[in-house]
Each structure stands twice: as structure tokens, then as C-alpha cells.
Amino acid sequence: MRSALLVICALSCLVSLALNWAARGLARRAGLVDRPDGHRKIQTQAIPLAGGIAIFATMLTIIAALMAVDPDWRKTVFAHSSEVVGLLVSGAIIVLVGIVDDFIGLRGRQKFFGQIVAAGVLVVFGVCIQRISVLGWSCDLGNLAVPFTIFWLVGAINALNLLDGIDGLAATLGVILSSAIAVAALFAGHESIALVAAVLAGSLVGFLRYNLPPASIYLGDAGSMLIGLAVGVMAIQASLKGPGTVLLGIPLALWTVPIFDSAAAILRRKLTGRSIYTTDRAHLHHHLMSRFGHRWTLTCIGCVSVVTSAGALLGVWWNDDRIAIICSVSVVLIFVSLKVFGHSELQLVVVKSRSFLRSVFLSRAIQPGAGWDEAVHLQGTRQWNLLWETLTEYAQRLEFVEIRLDLNLPILGEGYHASWRRPNGNDHAQHWRLDHPLMVDGRVLGYVKIVGDRGGMAGQNLEQLMELLEQVESHLKVLARPEPVVTSHTISSGVPDLLGPEPALNVDPRAG
């Protein structure tokens, strides 16, 4: 059986090589390409987005061919037809959603709805987590079985989609995870799952021939979501301890890197007030790229995934998820403790918790006019704290209640979030609020949120602050240049001196 799977994997690789070569040219002629935008997509030329289509076509071709020429494989597939057919139907839906998104661009909610439909199809075909087992403790999900299964599958789709940020990464992870699942499925006696996992692994190896840097073809959303869906459902099936019972530590260990990255992204965006669909360059691979470069980033993430996959396999072999969970938790703790990734998100949690506790228990102890500020440098090395000090000094002098700054500059790999607040006895209904987007060349690079007391000189204060914000945007324009020039820029220049000497900020754009 193992030698047969190796042959199938090799055949899938050859077919994938041919189909990806053909898809690359067809996609370019059809206009299905990823164009640089100077903001988040920083490649130098348009790249075809047809890898997902070619990979799915390879899977269909190989599975159909095996069923046609080998009676034993035909029996294996028919014996588990609900699993295989359900995955292929669901895969077709997710590929279609991805193609539409790659062509015209879907809103986050629209894409999310398509993902739920694809996951729902799998549930209809019988894929359902009815019971979970963790560290010997079991829980019957009952009415929550279907929602939990859909949550897991949609989470898997998005987790891998979020990691598809540099050449070769998503496909490399897909190869490692699908190979581990193929072995785990053989251990557990799920031959049909081992077959599909081997086909997917071979298809991805063939695709990597064109996707390793410099990439000449991308997965596109169709490909990254397909890999996430396939690996997500196969991880469940390979971890079955009994009918509908999943040894949950196994798939969690397999998915350590994608889950860790996705959880950090959700925390980062929600705690900074951004939409969870906001794009940034603060993912795990971006942090590693800034330190080690492309090749070592792929090597590092690949090695970590091999370690967690090995832990999962040992868990399947011994029917014990403790070693899998230990491997998974250890990897996360190492990343956070060494400040490689996750440390900024942990800081955000601490900062927001501390701010909440202060507002509840210490607001009366703060001296009148005083306040507290919290700042987290999410990514990058530039000295945004100088800009923030200027804004908070103005906030204090103009007697505002709250000011918040959030910056997201993907092309520079920079992210910064800070907030300042002082106690105010007035009811929230007596406050005025302003959300000011910070725009440079038509792009929103961040925002400033201001809250003031209606009883103060709101009009005069607002006029002064708006002039300051214009200077902030001028500063951002200098920093947003691909190759910033060496200059000294004074943020507060030109602001009328109505309150006495004004705080000045001299920033070298290359600082840090």
C-alpha cells in the first residue's frame, strides 16, 4: 500500500507539472493575474493566479484514472464514496469562489458565505465531528456537532489562506501536512483518505516547480482555500478514534502554524479596531522574512511543521494526543518567548486588559487633567513613538478625553497602535467624536480617533488638531516612499501657536 501511494504521488506530480505549465499561459491570456499595487502586492510584474485550478484538475484526473484502471482502488473509493465525493464537490465550490474572487474581488463577507456553503456540503456528505477527545477527556457535542464542524472547516480554509503570503509557503505547508495525513490515515486504516492526501501532496510538489522564488504562478485564493479545505477535512478523518469521535490534539498539532498565525491576526486586528478582513504584513512569515530572508523563512516554517506533524503522527500511533499537544504548545511558547512572533499580540492583550482595569478601578485616583497612554509597536523599527508623543501632548493641552492612533503600512512592514485616555466625569452622550483617516496618495495608511468634551472649545481645538493631522499625513507621505530620502521633518510646523510653545517632532525617515 505504501509503495502504491508513492507511485500515485509521483504520477500526480507529473500531471501537475504539465497542467500548471498550461494553466500559467492560459491564465495570463485570460487576465487572471495578480498585479502589483504598490501597497501590499509588491512583486514587480503580474503573476498568473491559476495554480489552484491546475491542482484541482490534477486531483480530479488522478482519482478518475485510478478508478478507471484499478478495480481495487475503485472499491476503496466506492467504499468511502461520501468522503471522497463530498471533498471533490466541496472543493469544486471553493475553487469557483476563489476564481471569482481572483477575477473581480469579493467582499470578505461574500467569500465567507461561499466558504460556509462549501463546508456545509461536506456535512451533508457525512463529515461531522460528533465527539471530541482531548487528553483523555471526551465531550459529546450533540446539537453543536454541525456548527463545530463548519467552524473547524471554515477556520482551516482561512488559516492557510492567510499564510499564502510569500512564494512557495502555502504549497510547502500543504505538502508537509498532506504527507503527514497520508501516513496517519494509513495508521488508522483510512485508505481513501491516504489516497486523496497522496494525490494532493504530489499535485503540490508539481506546482512548487513554478511557485518557488521567483514564482511564475500563484495559487490564488482558489488554490490556498482548496488546500485549507482538503487538509482540514482529511485531518479530521485521519484523527478519528471511533465513529464521529476525533482525537482533537492530532489535527490541532498538524495545524499549529496556521492556527497560531490566524489567531494572532484576529487578535491584532480586533484589538486595534480594524476589520478582521484587513490586510497587513504582520504575519509569521513576514516577521521571519524581515530577519532571515525568503529561503530561511521557508526552511524555518517547514521544519516547525515537520516537528508538529511528527508529534501528531506519534499521537496517532500511540492513540494518545499528549505528545502532539506538547509539541504544539512548545512551538508557540518558543516563538513568543524569543519575540519572533506573537509577542506584539500578547502585548496588545496586556495593554488592553490593563487599560480596562484602570478605567474601572483607578479612574478616580488619576489627577485632574492627567491621563495614561499605551503604545505597541506591532511591526517594524521606525520611531513612531515620536509622532505619538506629539499627538498626546496636543491631546493634553487641548483637553481631549481620548485619542487613538493606528498605522498600517504593509509595503514598509510597519504597524503601530497607541491610545491615550484621561478620566472624564461627563456622560458619553456629552462627548464629540472624530475618526480621521490618514491618507497618502489616495490610500488609507491608518487613522486617528479623537474624543472630546462638548463643554470645551470644541471648534477651536478641532481646527488646531486638523492642522496638526495635515502635518502627520505629510510625514507619512515621506515615510511611504519606497526609498525614503534623508531629511528632517517637523510635524508641528505651521500650526498656529494659540496655546503657547508647541511640541516639535524631528524625524529622520530612515530612523530605525
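Reader: Where is asparagine 319 found?

Author: Asparagine 319 sits in the loop between α13 (294-318) and α14 (322-337). Bear in mind that this is a predicted model.

Reader: Why is asparagine 319 called partly exposed?

Author: Exposed takes over 50% relative accessible area, and buried takes under 20%. Asparagine 319 comes in at 45%, so it counts as partly exposed.

Reader: What makes the bond from proline 213 to proline 214 cis?

Author: Its omega is near -5°. Most peptide bonds are trans. Proline 214 belongs to the loop between α8 (191-211) and α9.

Reader: How do you know that α9 has close to its expected span?

Author: Helix α9 (residues 220-238) has 19 residues, and at 1.5 Å a residue the expected reach is 27 Å. From first C-alpha to last, α9 reaches 27 Å.

Reader: What makes α9 mostly covered?

Author: The count of buried residues: 19 of 19 in α9. Each of those falls under the 20% cut-off.

Reader: Why is strand β11 called largely enclosed?

Author: Strand β11 (residues 443-453) has eleven residues and eight of them are buried, so the rest of the structure largely encloses it.

Reader: How do you know that β11 pairs with β8 and with β10?

Author: Pairing takes at least two bridges. Strand β8 (residues 400-409) and β11 share seven, in the antiparallel sense, with leucine 405 opposite valine 448 of β11. Strand β10 (residues 431-440) and β11 are also antiparallel, over ten bridges; there, tryptophan 432 has glycine 452 in β11 as its bridge partner. β10 and β11 form a hairpin with two residues between them, and aspartate 441 in that turn has a positive phi of about 55°.

Reader: What lines the second largest pocket, and what is its volume?

Author: The volume is about 560 Å³. Of its 26 lining residues, His287, Ser290, Leu378, Gln379 and Gly380 are the closest to the centre. Helices α12 (284-292) and α15 (343-362) and strand β7 (372-379) each give two or more residues to the lining.

Reader: How does that lining divide by residue type?

Author: Into ten nonpolar, twelve polar and four charged.

Note on methods
Residues are numbered from 1 along each chain as its sequence is written. This is a predicted model: local features need pLDDT of at least 70, side-chain atom pairs count only at pLDDT 80 or more; totals for chains, interfaces and linings use all residues. Side-chain values use heavy atoms; hydrogens and water are left out. On a 1 Å grid over the protein atoms alone, a cavity is a set of points where a 1.4 Å probe fits but cannot get out, and a pocket is an open set with protein on both sides within 12 Å along at least five of seven lines; lining residues have an atom within 4 Å of a point. Grid points are joined across faces, edges and corners, and a volume is the space filled by probe spheres set on the points. Helices (H or I, at least four residues) and strands (E, at least two) are DSSP runs, numbered from the N terminus. Ala, Val, Leu, Ile, Met, Phe, Trp, Tyr, Cys and Pro count as nonpolar, Asp, Glu, Lys and Arg as charged, and the others, Gly among them, as polar. Buried means under 20% relative accessible area, exposed over 50%, partly exposed in between (1.4 Å probe, protein chains only). The expected span of a helix is 1.5 Å times one less than its number of residues.
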